[in-house]
Amino acid sequence: MAAAAAVVEYKGWKEGYRCGYCGSERGKVSAGMWAHSMTVQDYQDLIDRGWRRSGKYVYKPIMNQTCCPQYTIRCQALHFQTSKSHKKVLKKMLKFISKGDVSKVVSGEEPMDSHIEDVVSCDFAYKSESHVSQSELTPLSVDHAERVENEDKETGETKEVDQQTVESGSLQICADRDMPVAGEPSHSAKTVHAPPKPGKGADLSKPPCRKAKDIRKERKLQKLLQNQMRTLEGSQLQAGDQACLLQNSKSKANQPKTIEDFIFDTLPDDARHKLEFTRFLCDSPLEAENAPNGPECGYGSFHQQYWLDGKIIAVGVIDILPYCVSSVYLYYDPDYSFLSLGVYSALREIAFTRQLHEKAPDLCFYYMGFYIHSCPKMRYKGQYRPSDLLCPETYVWTPIEQCLPLLEHSKYCRFNQDVKAVDEGRIKELGRVRVLHKRTVMPYSVYKKRRKGPSDEASVQQYASLVGQTCSERMLLFRS
């Protein structure tokens, strides 16, 4: 069953309001629209053109005018490389769960901190809330709509909009993926080396001392070899077979650990804590969808709940879309900020993306919102490698390594170095933009003839240029 059409109200540009990144009182510039409903494919196409949602409000920074350009960033989840700092967070969580002895350091290291997203904090989203009645958003029968659209040889499509109210999180902190990160404190203490005491030196009659790490590695290899030998059901092994098994065991042990090795590591039976996860569909403008080649949970917006010993300590809000998992918010209990829940949840969401890919081959990216190079506290997203930034002019993806040198010279950059390249999805025929007017679906060319009063062509042109030709022909632009 095909998904019904999205219904949006375009709110235009908002210029000269406060920036939550640099503190400028009048430097922020963005465009926005209110989404009464939206398909997951439409939202996927929109975020691939630099849009992002906050609840039902969908906004796009005007990149060449805003004080702090916000570049859409995605991580290539299938090729994700765990950094040292990421491993530190994962090991800290494992140590806390298994032994419960992680020292609680005061704040600072949590990337997703207590700030609310700037588009909300400036109150633009709430001022822009729609007051259109439900009846106005419900198109008439398809026959009526088709008769109108035939005036311009277009096909109509209807949709009953189920307008919902976004629930607020129950935890104390709402941390958006696009808010600044506080500086991470150093946990390394200065070590004072005392002069060695006089003695007889090493005892040459005893074997040399070995590092505990090497001893553990050898024991692990021996245990792995023993397990492999048992699987052969007691069959006689030749010396060459044993050597081959040992070599294979060593090569596996020498491979770098994947993110799954850390997250799904087996815990001891006497682990001090129990961390569990649950996932539920949540209220959002995105219409939940299921597809034969899609993930088992379907597409849509979800709450990922983190339960520690039966107590909920964090909730991640994610959108599962045709090509990606898009991170939206993280709510967490500040009493557990010492566990770096922002980083930990992001790593779990990357692992979840990889898991969904097994059933949905097209789903292979993890979107982290915006990368803001001009705000040093927002550069941490570039540590999730490999990642790409979206060119603000041609909407093609560029490896972040190629973008960073450009951003060092200018906060606004066109990443696509092909000077002849243009936005392939740009608006070409304004008349084909779909409009919902008086509960009737029609192309803009028909609506324009019927409209009374001053022309709104400039506003519709602006909307269509920002959403692109494809979305403008699929989504219904509400006109009163």
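Helix α12 (residues 457-474) lies across β1 (7-17), β2 (28-37), β4, β14 (434-437) and β16 (476-479), and α12 runs at about 140 degrees to β1. Contact here means heavy atoms within 4.5 Å. Axes are lines fitted to C-alpha atoms, for helices over the stretch in contact, with angles from 0 to 180 degrees between N-to-C directions. Helices (H or I, at least four residues) and strands (E, at least two) are DSSP runs, numbered from the N terminus.

This is a predicted model, in which local features need pLDDT of at least 70 and side-chain atom pairs count only at pLDDT 80 or more, while totals for chains, interfaces and linings use all residues. Residues are numbered from 1 along each chain as its sequence is written, and side-chain values use heavy atoms, with hydrogens and water left out.

**The sheet**

Follow the order β3-β4-β2-β1-β16-β14-β15 and you walk through an open sheet of 7 strands with mixed pairing. Two strands pair if DSSP finds at least two bridges between them. Because β3 (52-54) and β15 (440-443) stand at the edges with a single partner strand each, one side of each has no neighbour in the sheet. On average, neighbouring strands of this sheet are turned by 40 degrees against each other, direction ignored.

**The rings**

Tyrosine 59 also belongs to a cluster: ring pairs link Tyr57, Tyr59 and Phe370. How many aromatic pairs does a search of the whole structure find? The search finds 11. Rings of Phe, Tyr and Trp (its six-membered ring) pair if their centres lie within 6.5 Å; planes under 30 degrees apart count as stacked, over 60 as edge-to-face and the rest as tilted. Here are two of the pairs:

| Pair | Centre to centre | Angle between planes | Type |
|---|---|---|---|
| Phenylalanine 96 and phenylalanine 338 | 5.5 Å | 80 degrees | edge-to-face |
| Phenylalanine 277 and tyrosine 306 | 4.9 Å | 80 degrees | edge-to-face |

Phenylalanine 96 sits in helix α2 (residues 84-99), and phenylalanine 338, 242 residues away, in the loop between β10 (324-332) and α9 (341-357). Phenylalanine 96 is buried at 6% relative accessible area, as is phenylalanine 338 at 3%. Buried means under 20%, exposed over 50% and partly exposed in between (1.4 Å probe, protein chains only).

Phenylalanine 277 is partly exposed, at 33%, whereas tyrosine 306 is buried, at 3%.
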